[in-house]
Amino acid sequence: LSVEDYALVGMLAIFSAIANIVLDSGFSAALIRKQDATETDYNSVFYLNIFISVCLYLLLFVCSPLIAGFFNQPLLTDLARVIFLALPFNSLSLIQTTLLNKQVSFKILTKINLIALTASGIGSLAMAYGGMGVWTLAWQPVILAFLRTVLLWFFNKWRPQLLFSISHIKELFGFSSNLLLAGLVNSIFTNIYSVAIGKLYPPVQLGYYSQGNKFSLMVISSVYSSLQTATYPIFSHIQNDKERSLRSYRKTIRFTAFLTFPLMTGMVSVAYPFIALILKAEWMGCVPFFQLTCLAGIFTILSTVNQNFAKVQGRSDLIFKLEIARTLLIIACLAASLKQSALIMVACLALTQILIYLISIVVIGKAVGYSWLKQIRDIAPYAVLSVIMWGILLIPDCFLTENYLLLPVKIVIGILFYYGINRILGSAILDEAIRLVLKRKSD
């Protein structure tokens, strides 16, 4: 597949993101938080999701020629109409996913996601080698959504009943509305960079950004989704015990920093040999985009944990206010970088994510009793160790020129250094992480 193929699909990212936010409308979080949710609640949201998905698809189907005209890419009309088919399938799986998250059935969710990703990945490879080109990228998310929905219905025995109540929807929407608004603002102004790059620069630049962002998101979303699905239900179960909740919140922040800082910093360090080995030489332009989005991902993940705790404390209003602040920052950074290169534009996006994280720990910390200074102190050791690790990982670049040697050497050195220094310092989080891994293996 060419750089231009990824650029075409990247132009549609903002529309898919907004549609999925509207499809959920914050109801999943509302159902998980509501400890006495009834069958009427689940069924009402289920039927509403289906109705919304059909309306969204029809709207996007009609608007596809307008999208194609905006980017001056006629092929986008048909591509959009295929890609957006994922919406109806996603609507059929929202309640199933919500129930498994609420039941803390993460093993089942992991199994489902792994099977669906593997099968859709194999299908995508077959389509790519079969010469389908950009249509491979269009059908992959549709196949993934279909397979994931089928598996969710197979593994989860909940089935819809003929129950629907507007009053139940209104009750849930009282909490979910702020999450919907926050999600919309987040999606629009996170993906607006794809629109700006696609409109203002040659398609190849959007292709580089889309591919670099895609690779970083593979890691970020794995950690992000795991933490979000794990922490939110757990925080919800103990929301009435404030002391225990705060203790768990702080411990989760430390564990997140322990895992995320070295992982994403390591990805920055191995970016060049990694991309060089798995892609053609024409794709090396995506390396700096990949590195920038990895750095931004650290603070995206940390912000997720903070926002999850604010949700279970009933402060969805804080999340909406933070998204407004984030929007203003993005607009300012976008305006400042419009006449610069696409790379500088993405660097500004990474800076925005760091700033909004700092703002969030002040705002949320003040509301829940976990001050910003305490959180900085909790994450600082792992940030410092990761920077030192990054410096050490520059050394092999001076001696090794073959990427197939450089990549594994960097990975091994990074793991040994981070593990060794944490072991020497007597890190309690390291011991807990090892116990968690051993427990999962025994299970």
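Which residues in α1 are buried? They are Val3, Asp5, Tyr6, Ala7, Leu8 and Gly10. The model is predicted.

**Helix α1**

- Helix α1 spans residues 3–10, and six of its eight residues are buried, so this helix is largely enclosed by the rest of the structure.
- The buried set in α1 includes Asp5 and Gly10.

**Helices α16 and α17**

- Helix α16 covers residues 342–368 and helix α17 covers residues 372–392.
- The two helices pack at an angle of about 125°, and their axes are 8 Å apart.
- The helices α16 and α17 are therefore oblique to each other.
- On the α16 side the contact is made by Tyr357, Leu358, Ile361 and Val362, which meet Trp372, Gln375, Ile376 and Ile379 of α17.
- Sorted by class, this contact between α16 and α17 holds seven nonpolar residues, one polar residue and no charged residues.
- An α-helix has 3.6 residues a turn, so residues three or four places apart point the same way.

**The second largest pocket**

- The volume of the second largest pocket is about 170 Å³.
- Its lining consists of Val268, Ser269, Tyr272, Pro273, Gln291, Trp390, Leu394, Asp397, Thr401, Asn403, Leu406 and Lys410.
- Two or more lining residues come from each of α12 (242–269), α13 (271–278) and α18 (403–424).
- Helix α18 gives the largest share of the lining of the second largest pocket, with three residues.
- By class, the lining of the second largest pocket has six nonpolar, four polar and two charged residues.

- Most residues other than glycine have a negative phi.
- Ser25 has a positive phi, near 55°.
- Ser25 sits in the loop between α2 (13–24) and α3 (27–33).
- The relative accessibility of Ser25 is 5%, so Ser25 counts as buried.
- Asn72 also has a positive phi, near 60°.
- The loop that holds Asn72 runs between α4 (39–71) and α5.
- Asn72 is exposed, because its relative accessible area is 63%.

**Thr77 in helix α5**

- Thr77 belongs to helix α5, which spans residues 76–83.
- With a relative accessibility of 14%, Thr77 counts as buried, because the cut-off is under 20%.
- Leaving aside residues up to four places away in sequence, Thr77 touches Ser64, Pro65 and Ala68.

Conventions
Residues are numbered from 1 along each chain as its sequence is written. This is a predicted model: local features need pLDDT of at least 70, side-chain atom pairs count only at pLDDT 80 or more; totals for chains, interfaces and linings use all residues. Side-chain values use heavy atoms; hydrogens and water are left out. Axes are lines fitted to C-alpha atoms, for helices over the stretch in contact, and angles run from 0 to 180 degrees between N-to-C directions. Helices (H or I, at least four residues) and strands (E, at least two) are DSSP runs, numbered from the N terminus. Angles under 35 degrees count as roughly parallel, over 145 as roughly antiparallel, 65 to 115 as roughly perpendicular and the rest as oblique. Contact means heavy atoms within 4.5 Å. Ala, Val, Leu, Ile, Met, Phe, Trp, Tyr, Cys and Pro count as nonpolar, Asp, Glu, Lys and Arg as charged, and the others, Gly among them, as polar. Buried means under 20% relative accessible area, exposed over 50%, partly exposed in between (1.4 Å probe, protein chains only). On a 1 Å grid over the protein atoms alone, a cavity is a set of points where a 1.4 Å probe fits but cannot get out, and a pocket is an open set with protein on both sides within 12 Å along at least five of seven lines; lining residues have an atom within 4 Å of a point. Grid points are joined across faces, edges and corners, and a volume is the space filled by probe spheres set on the points.
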